[in-house]
Amino acid sequence: MRNVRLVLRTFGAVLVAAGWFAMLANAIPTARADEGPFEVRITIRDHRFEPATIEVPANRPLKLIVTNADPTPEEFESVGLKIERVIPGGKTAEFLVKPLRPNRNYKFFGEFHAKTAQGEVVVKADGDGK
Ligand SMILES: [Cu+2]
């Protein structure tokens with residue numbers, strides 16, 4: 001008999017815990033779409049970046065979506081953004097960048113064609129981010 005009561009009490013405790021978890025899950029606000037990463041699409045074509053200058057909001061994570069439309073590989077690199085990755089011809093790579101401070105510039109380049117493949121991320125002034 002004691003065992004049955006123990007089992008029932010344990011079961012009850014699990015139910016209570018499950019209820020709490022459900023409440024907590026509902027209490028966590030879901031991020032609005034405009035609070036997610038700011039997406040930037042960059043195309044490499046003829047060993048140049050299109051666009052070459054990218055304005056981004058400050059203090060918001062970025063997602064750089066870089067498509068290499070050339071048939072040859074390119075190494076997408078930015079020292080300031082700590083990015084360095086070879087993108088094969090015809091492929092797309094995504095890079096998540098942590099929120100950046102306002103009024104700063106970050107150069108990027110294609111290391112395999114650095115004479116022409118040059119670009120820059122320009123972080124706008126704070127409050128300017130829409
Ligand atoms: Cu490199």
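Strand β8 (residues 105-110) runs antiparallel to strand β9 (residues 118-123), and five bridges join the pair. Here strands are DSSP runs of E of at least two residues, numbered from the N terminus, and two strands count as paired if DSSP finds at least two bridges between them. Across this pairing, lysine 107 stands opposite glutamate 120 of β9.

The model is a predicted one; local features need pLDDT of at least 70, side-chain atom pairs count only at pLDDT 80 or more, and totals for chains, interfaces and linings use all residues. Residues are numbered from 1 along each chain as its sequence is written.

β8 and β9 belong to an open sheet of five strands with mixed pairing, in the order β3-β9-β8-β5-β6. Its edges are β3 (53-56) and β6 (83-87); each has a single partner strand, so one side of each is left without a neighbour in the sheet. From one strand to the next, the twist averages 15°. Such angles run from 0 to 180 degrees between N-to-C directions, with axes fitted as lines to C-alpha atoms.

A further open sheet has four strands in the order β2-β1-β4-β7, again with mixed pairing. Here β2 (48-50) and β7 are the edge strands, each with a single partner, so one side of each has no neighbour in the sheet. The twist in this sheet averages 25° from one strand to the next.

The pairings can be followed across that sheet. β1 and β2 run antiparallel and are joined by three bridges, with arginine 45 opposite arginine 48 in β2. Strand β1 (residues 38-45) pairs with β4 in the parallel sense over seven bridges, and arginine 41 stands opposite isoleucine 65 in β4. On to strand β7 (residues 92-97), β4 pairs in the antiparallel sense over six bridges; threonine 67 has threonine 92 of β7 as its bridge partner.

A residue is buried if 20 or more other C-beta atoms lie within 10 Å of its own, exposed if 12 or fewer, and partly exposed in between, with C-beta atoms placed from the backbone.

Two of those residues, Leu64 and Val66, have the most contacts inside the largest nonpolar core, which has 14 residues. A nonpolar core is a set of buried Ala, Val, Leu, Ile, Met, Phe, Trp, Tyr and Cys residues joined through C-beta atoms within 7 Å. β1, β4, β8 and β9 each supply at least two residues of this core, and the largest share, three residues, comes from β4. Not counting residues up to four places away in sequence, valine 66 touches Ile42, Ile44, Phe76, Ile87, Thr92, Ala93 and Phe95; contact requires C-beta atoms, placed from the backbone, within 7 Å.

Proline 61 lies in the loop between β3 and β4 (62-68). Proline 61 is partly exposed, as 13 other C-beta atoms lie within 10 Å. Its C-alpha atom is separated by 6.2 Å from that of phenylalanine 38, 23 residues apart along the chain.

The mean pLDDT of the chain is 86, and 72% of its residues reach 70 or more; pLDDT is the predictor's confidence in each residue, from 0 to 100. Over residues 28-32 it stays under 50, and the model has one contact for them beyond four places in sequence. Where pLDDT is low, the predicted coordinates should not be read in detail.

Terms used. Two residues are in contact if their C-beta atoms, placed from the backbone, lie within 7 Å.
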